[in-house]
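Work through the exercises below with the model open beside you. Try each task before reading its solution.

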Amino acid sequence: MLDISILIPAAGASSRMRGRDKLTEDVEGLPLLRRQALRAIDTGAHVAVTLPEWDHPRAAALEGLPVQVIEVPDSDLGMSASIRRGVGLMPRGIKAMVILPADMPEIESEDILKLINGFQSLPFPMLQQATAEDGTPGHPVLFPADCFMALQTLTGDKGARDVLRANAHRTRQIPLEGQRALTDLDTPEAWKAWRASQGDICAAE
(Lines give C-alpha, C1' and ligand atoms only; values in the text may rest on other atoms or scores of the structure.)
Protein backbone atom coordinates (compact mmCIF):
# COMPACT_ATOMS: atom_id res chain seq x y z
CA MET A 1 0.00 0.00 0.00
CA LEU A 2 2.99 2.29 -0.41
CA ASP A 3 1.23 4.14 -3.23
CA ILE A 4 -1.25 5.56 -0.68
CA SER A 5 -0.22 8.34 1.69
CA ILE A 6 -1.77 9.50 4.96
CA LEU A 7 -1.18 13.14 5.88
CA ILE A 8 -1.62 14.14 9.52
CA PRO A 9 -1.70 17.96 9.75
CA ALA A 10 -0.15 18.78 13.13
CA ALA A 11 1.21 22.29 12.60
CA GLY A 12 -1.65 24.26 14.16
CA ALA A 13 -1.28 26.48 17.20
CA SER A 14 -3.84 24.67 19.43
CA SER A 15 -4.97 28.18 20.33
CA ARG A 16 -8.34 27.21 21.81
CA MET A 17 -6.68 25.03 24.46
CA ARG A 18 -5.64 28.06 26.52
CA GLY A 19 -2.00 27.09 27.02
CA ARG A 20 -2.31 23.32 26.65
CA ASP A 21 -1.45 21.38 23.51
CA LYS A 22 -4.30 19.12 22.40
CA LEU A 23 -1.91 16.96 20.36
CA THR A 24 0.11 15.99 23.43
CA GLU A 25 -2.94 15.19 25.55
CA ASP A 26 -2.89 11.63 26.89
CA VAL A 27 -5.08 9.11 25.04
CA GLU A 28 -4.75 5.43 25.94
CA GLY A 29 -1.40 6.15 27.59
CA LEU A 30 0.07 7.96 24.58
CA PRO A 31 0.28 11.55 23.36
CA LEU A 32 -2.62 11.95 20.91
CA LEU A 33 -0.29 12.75 18.00
CA ARG A 34 1.70 9.54 18.53
CA ARG A 35 -1.51 7.54 18.76
CA GLN A 36 -2.72 8.98 15.45
CA ALA A 37 0.61 8.26 13.77
CA LEU A 38 0.60 4.66 15.02
CA ARG A 39 -2.94 4.09 13.75
CA ALA A 40 -1.89 5.45 10.37
CA ILE A 41 1.31 3.37 10.26
CA ASP A 42 -0.68 0.22 11.01
CA THR A 43 -2.50 0.56 7.66
CA GLY A 44 0.74 -0.03 5.75
CA ALA A 45 0.45 3.30 3.94
CA HIS A 46 3.11 6.00 3.73
CA VAL A 47 2.60 8.42 6.65
CA ALA A 48 3.54 12.11 6.75
CA VAL A 49 3.09 14.50 9.68
CA THR A 50 3.36 18.28 9.45
CA LEU A 51 4.90 20.32 12.28
CA PRO A 52 5.49 24.07 12.63
CA GLU A 53 9.24 23.45 12.82
CA TRP A 54 11.57 20.46 13.16
CA ASP A 55 12.32 21.04 16.84
CA HIS A 56 8.75 21.73 17.93
CA PRO A 57 7.87 19.99 21.25
CA ARG A 58 5.40 17.78 19.35
CA ALA A 59 8.31 16.15 17.53
CA ALA A 60 9.07 14.17 20.70
CA ALA A 61 5.73 12.36 20.28
CA LEU A 62 6.94 10.99 16.93
CA GLU A 63 10.36 9.83 18.07
CA GLY A 64 11.33 6.48 16.58
CA LEU A 65 8.34 6.22 14.26
CA PRO A 66 8.71 5.60 10.49
CA VAL A 67 6.96 8.79 9.43
CA GLN A 68 7.91 11.61 7.09
CA VAL A 69 8.06 14.82 9.15
CA ILE A 70 7.29 17.94 7.12
CA GLU A 71 8.11 21.42 8.41
CA VAL A 72 5.49 24.10 7.74
CA PRO A 73 7.12 27.51 8.37
CA ASP A 74 3.95 29.36 7.31
CA SER A 75 1.68 27.32 9.57
CA ASP A 76 0.18 30.56 10.91
CA LEU A 77 -1.73 30.80 7.60
CA GLY A 78 -3.99 27.96 8.65
CA MET A 79 -4.68 24.32 7.83
CA SER A 80 -4.21 24.98 4.12
CA ALA A 81 -0.49 25.58 4.70
CA SER A 82 -0.09 22.03 6.05
CA ILE A 83 -2.06 20.57 3.17
CA ARG A 84 -0.14 22.51 0.52
CA ARG A 85 3.24 21.58 1.97
CA GLY A 86 2.22 17.99 2.63
CA VAL A 87 0.95 17.39 -0.89
CA GLY A 88 3.98 19.09 -2.41
CA LEU A 89 6.38 16.80 -0.56
CA MET A 90 4.61 13.49 -1.13
CA PRO A 91 6.80 10.72 -2.58
CA ARG A 92 6.48 10.15 -6.32
CA GLY A 93 3.87 7.65 -7.49
CA ILE A 94 1.31 8.32 -4.76
CA LYS A 95 -2.17 7.50 -6.10
CA ALA A 96 -4.22 8.96 -3.25
CA MET A 97 -3.81 10.80 0.03
CA VAL A 98 -5.87 10.49 3.19
CA ILE A 99 -6.07 13.67 5.25
CA LEU A 100 -6.34 12.48 8.86
CA PRO A 101 -6.93 15.30 11.38
CA ALA A 102 -4.58 14.97 14.32
CA ASP A 103 -7.19 15.82 16.96
CA MET A 104 -9.65 12.93 16.43
CA PRO A 105 -8.97 10.44 19.27
CA GLU A 106 -11.55 7.82 18.23
CA ILE A 107 -10.26 7.06 14.73
CA GLU A 108 -8.84 3.55 14.39
CA SER A 109 -6.67 1.92 11.72
CA GLU A 110 -9.68 -0.04 10.48
CA ASP A 111 -11.50 3.24 9.80
CA ILE A 112 -8.70 4.55 7.63
CA LEU A 113 -8.51 1.21 5.83
CA LYS A 114 -12.21 1.45 4.95
CA LEU A 115 -11.45 4.57 2.92
CA ILE A 116 -8.33 3.09 1.33
CA ASN A 117 -10.02 -0.20 0.45
CA GLY A 118 -13.01 1.67 -0.93
CA PHE A 119 -10.75 3.67 -3.21
CA GLN A 120 -8.81 0.63 -4.37
CA SER A 121 -11.96 -1.40 -5.07
CA LEU A 122 -13.25 0.98 -7.74
CA PRO A 123 -12.22 1.05 -11.41
CA PHE A 124 -12.06 4.86 -11.43
CA PRO A 125 -10.77 7.36 -8.83
CA MET A 126 -13.37 8.59 -6.33
CA LEU A 127 -12.99 10.63 -3.16
CA GLN A 128 -13.82 8.70 0.00
CA GLN A 129 -15.27 10.65 2.94
CA ALA A 130 -15.87 9.19 6.38
CA THR A 131 -19.24 9.89 7.97
CA ALA A 132 -20.85 9.26 11.32
CA GLU A 133 -23.08 6.22 11.63
CA ASP A 134 -26.09 8.41 10.76
CA GLY A 135 -24.45 9.70 7.56
CA THR A 136 -23.26 13.09 8.83
CA PRO A 137 -20.11 13.96 6.80
CA GLY A 138 -16.86 14.03 8.74
CA HIS A 139 -13.21 12.95 8.58
CA PRO A 140 -10.85 11.54 7.46
CA VAL A 141 -11.14 12.07 3.70
CA LEU A 142 -9.23 10.36 0.88
CA PHE A 143 -8.33 12.44 -2.18
CA PRO A 144 -7.21 10.80 -5.44
CA ALA A 145 -4.02 12.11 -7.06
CA ASP A 146 -5.95 14.16 -9.62
CA CYS A 147 -7.05 16.39 -6.71
CA PHE A 148 -3.49 17.18 -5.63
CA MET A 149 -3.14 20.27 -7.80
CA ALA A 150 -6.36 21.73 -6.36
CA LEU A 151 -5.21 20.93 -2.82
CA GLN A 152 -2.03 22.91 -3.44
CA THR A 153 -4.05 26.04 -4.24
CA LEU A 154 -5.96 26.08 -0.94
CA THR A 155 -5.77 29.12 1.34
CA GLY A 156 -6.98 29.93 4.84
CA ASP A 157 -8.09 27.61 7.62
CA LYS A 158 -11.00 25.78 5.99
CA GLY A 159 -9.05 22.63 5.25
CA ALA A 160 -10.01 20.97 1.98
CA ARG A 161 -13.73 21.83 2.00
CA ASP A 162 -13.58 23.66 -1.32
CA VAL A 163 -12.03 20.64 -3.05
CA LEU A 164 -14.62 18.35 -1.49
CA ARG A 165 -17.42 20.64 -2.63
CA ALA A 166 -16.09 20.79 -6.18
CA ASN A 167 -15.94 16.99 -6.29
CA ALA A 168 -19.25 16.23 -4.58
CA HIS A 169 -20.40 14.36 -7.68
CA ARG A 170 -17.70 11.74 -7.20
CA THR A 171 -17.45 11.52 -3.43
CA ARG A 172 -18.29 8.19 -1.84
CA GLN A 173 -19.36 8.34 1.79
CA ILE A 174 -18.06 5.70 4.19
CA PRO A 175 -19.94 5.37 7.52
CA LEU A 176 -17.84 4.74 10.60
CA GLU A 177 -19.02 3.43 13.95
CA GLY A 178 -20.84 5.91 16.20
CA GLN A 179 -19.49 9.44 16.11
CA ARG A 180 -15.86 8.57 15.34
CA ALA A 181 -15.84 10.63 12.15
CA LEU A 182 -17.05 13.75 14.01
CA THR A 183 -15.23 13.64 17.35
CA ASP A 184 -12.50 16.27 17.38
CA LEU A 185 -11.35 17.94 20.57
CA ASP A 186 -10.28 21.57 20.46
CA THR A 187 -10.92 22.95 23.95
CA PRO A 188 -10.26 21.88 27.57
CA GLU A 189 -14.03 21.58 28.02
CA ALA A 190 -14.33 19.24 25.03
CA TRP A 191 -11.51 17.08 26.38
CA LYS A 192 -13.10 16.92 29.85
CA ALA A 193 -16.51 15.96 28.42
CA TRP A 194 -15.00 13.35 26.11
CA ARG A 195 -12.96 11.75 28.87
CA ALA A 196 -16.05 11.62 31.07
CA SER A 197 -17.96 9.93 28.25
CA GLN A 198 -15.18 7.34 28.04
CA GLY A 199 -15.49 6.58 31.73
CA ASP A 200 -12.18 8.27 32.62
CA ILE A 201 -12.73 9.37 36.21
CA CYS A 202 -9.29 11.01 36.18
CA ALA A 203 -10.28 13.44 33.40
CA ALA A 204 -7.91 16.39 33.33
CA GLU A 205 -9.31 19.71 34.47
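**Exercise 1. Contact order and overall form**

Task: find what share of the contacts in the protein with a separation of 6 or more comes from residues 24 or more positions apart.

Solution. Take contact as heavy atoms within 4.5 Å. Residues 24 or more positions apart then account for 69% of the contacts with a separation of 6 or more. The model is predicted: local features need pLDDT of at least 70, side-chain atom pairs count only at pLDDT 80 or more, and totals for chains, interfaces and linings use all residues. Residues are numbered from 1 along each chain as its sequence is written, and side-chain values use heavy atoms, with hydrogens and water left out.

Next, count the elements. Helices (H or I, at least four residues) and strands (E, at least two) are DSSP runs, numbered from the N terminus. The protein has six helices and nine strands. Its radius of gyration is 16 Å, close to the 17 Å of the globule rule for 205 residues, so the protein is as compact as a globular protein of that length. The radius is taken over C-alpha atoms, and the rule is 2.2 Å times the number of residues to the power 0.38. Along the principal axes, the C-alpha trace spans about 50 × 40 × 30 Å.

**Exercise 2. Surface and charge**

**Exercise 3. Backbone exceptions**

Task: locate the cis peptide bond and describe the phi of Glu 28.

Solution. Start from the background: most residues other than glycine have a negative phi, and most peptide bonds are trans. His 139 and Pro 140 are joined by a cis peptide bond, with omega about 5 degrees. Pro 140 sits in strand E8 (residues 137-144). Glu 28 has a positive phi, near 55 degrees. Its place is the loop between strand E2 (26-27) and strand E3 (30-31). Glu 28 counts as exposed, at 55% relative accessibility.

**Exercise 4. A lysine and its partners**

Task: is Lys 22 buried or exposed, and which side chains does it meet in polar contacts?

Solution. Lys 22 lies in the loop between strand E1 (4-9) and E2. Its relative accessible area is 16%, so Lys 22 is buried. A polar contact is a pair of N or O atoms within 3.5 Å; within protein, one must be able to donate a hydrogen and the other to accept it, and residues adjacent in sequence count only if both atoms are side-chain atoms. The Lys 22 side chain makes such a contact with the side chain of Asp 103 at 3.0 Å. Another, of 2.7 Å, joins the side chains of Lys 22 and Asp 186. Beyond four places in sequence, Lys 22 also touches residues including Met 17, Leu 32 and Trp 191.

**Exercise 5. Helix cover**

Task: how many residues of helix H1 (residues 32-41) are buried, and what do they pack against?

Solution. Seven of the 10 residues of H1 are buried. Among them are Leu 32, Arg 35 and Arg 39. The buried residues pack against E1, E2, E3, strand E4 (46-51), helix H3 (109-120) and H6. Look at H3 next: Ser 109 lies there. Ser 109 counts as buried at 13% relative accessibility. Outside four places in sequence, Ser 109 touches Arg 39, Asp 42 and Thr 43.

**Exercise 6. A loop leucine**

Task: how far apart in space are Leu 176 and Asp 111, C-alpha to C-alpha?

Solution. Leu 176 lies in the loop between strand E9 (171-175) and helix H6 (188-197). Leu 176 is buried, at 2% relative accessibility. Leu 176 and Asp 111 are 65 residues apart in sequence and 6.6 Å apart in space. Contacts of Leu 176 beyond four places in sequence include Asp 111, Ile 107 and His 139.

How values were computed. Buried means under 20% relative accessible area, exposed over 50%, partly exposed in between (1.4 Å probe, protein chains only).
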